[in-house]
Amino acid sequence: MRFEFIVDQRMKVKNLLKKHDISKSLLAKIKFAGGDIQVNGVRQNAIFLVEIGDRVTIDIPSEEDVTGSLAPVDVPLDIVYEDEHFMIIEKPYGVASIPSSLHSNTIANFVKAYYLQQNYENKRVHIVTRLDKDTSGLMLFAKHGYAHARLDKQLQAKQIHKRYYALVRGAGHFEETGDIIAPIGRPDDSIITRGVTKSGKYAHTSYKVVQSWGDVYLVDIQLHTGRTHQIRVHFAHIGFPLLGDDLYGGSLDYGIERQALHCHRLEFFNPFSEKNLVLKSTLPADFKAIIDSFQKEDEAFDK
């Protein structure tokens, strides 16, 4: 892939590229794996001194999946947004994000098949934001390593924002808005579950109630940290676990087959178009079924 930069101050090429998030490893790939660096149309090396107004062009080698470690699985994707650099899909619940010893038909396998079908130059799958197997909603992919590197910087700076809907249930008073700040760690007796522990890592979750039906609440959630199972652990900790989340004490009374958690909003800055992207998702069908049943009960009660 080819990218161009206009020089805004006198410096070496490698320093200009560093300003544009070209890492040392990516620069080495450009130099030694079939890439190219040109200044005003003339091939140069990374220590060449450029002047203000010069045009620097780099060619990044294609990313072939030479190992074949990720098997393509032909399953249609629900693509919400796609351009040359990024793709956002609507992930269904019940499908893991990446392969493991327990899961082989994953979102990553589906995306690999899609890349091959489209004959994209870059064949490697770069996941920027993962979702748990039984969490649905928006999931972000970078379509080449340079795009992934640029979004990694945004992730580290907490500039990629996700919001979630959850259905929770509990006894007692539930604030309309709130912040849950409690450290999350792994209990000594489990490799799967997480919990609020004194030795855990700092975790911060904000929420607001969207709608309620008795002791069940639809909440809109903002994560300020990204701990494993953070939303599920935090709401269980305050006595309002997610519906369907039997791992953390959630109610199984409403027919939902997974934890009631859905990523409905994703916002990030596209460094290539220099525009802020905001993608939104509606409530999934199993959420709607539960909410519809509550609304029918309310209508029957009002008659």
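**Exercise 1. How many salt bridges does the count come to by the rule that a side-chain nitrogen of Lys or Arg lies within 4 Å of a carboxyl oxygen of Asp or Glu?**

Before counting, note that this is a predicted model, in which local features need pLDDT of at least 70 and side-chain atom pairs count only at pLDDT 80 or more, while totals for chains, interfaces and linings use all residues. Residues are numbered from 1 along each chain as its sequence is written, and side-chain values use heavy atoms, with hydrogens and water left out. Under the rule, the count comes to 16 salt bridges. Among them is a network that links D21, R150 and K153.

**Exercise 2. Locate the partners of the salt bridge between R232 and D132, and state how accessible each one is.**

Step 1: the N to O distance of this pair is 3.8 Å. Step 2: R232 belongs to helix 5 (residues 230–237) and D132 to the loop between strand 9 (126–127) and strand 10 (136–142), 100 residues apart; helices (H or I, at least four residues) and strands (E, at least two) are DSSP runs numbered from the N terminus. Step 3: R232 is buried at 8% relative accessible area, whereas D132 is partly exposed at 30%, where buried means under 20%, exposed over 50% and partly exposed in between, with a 1.4 Å probe and protein chains only.
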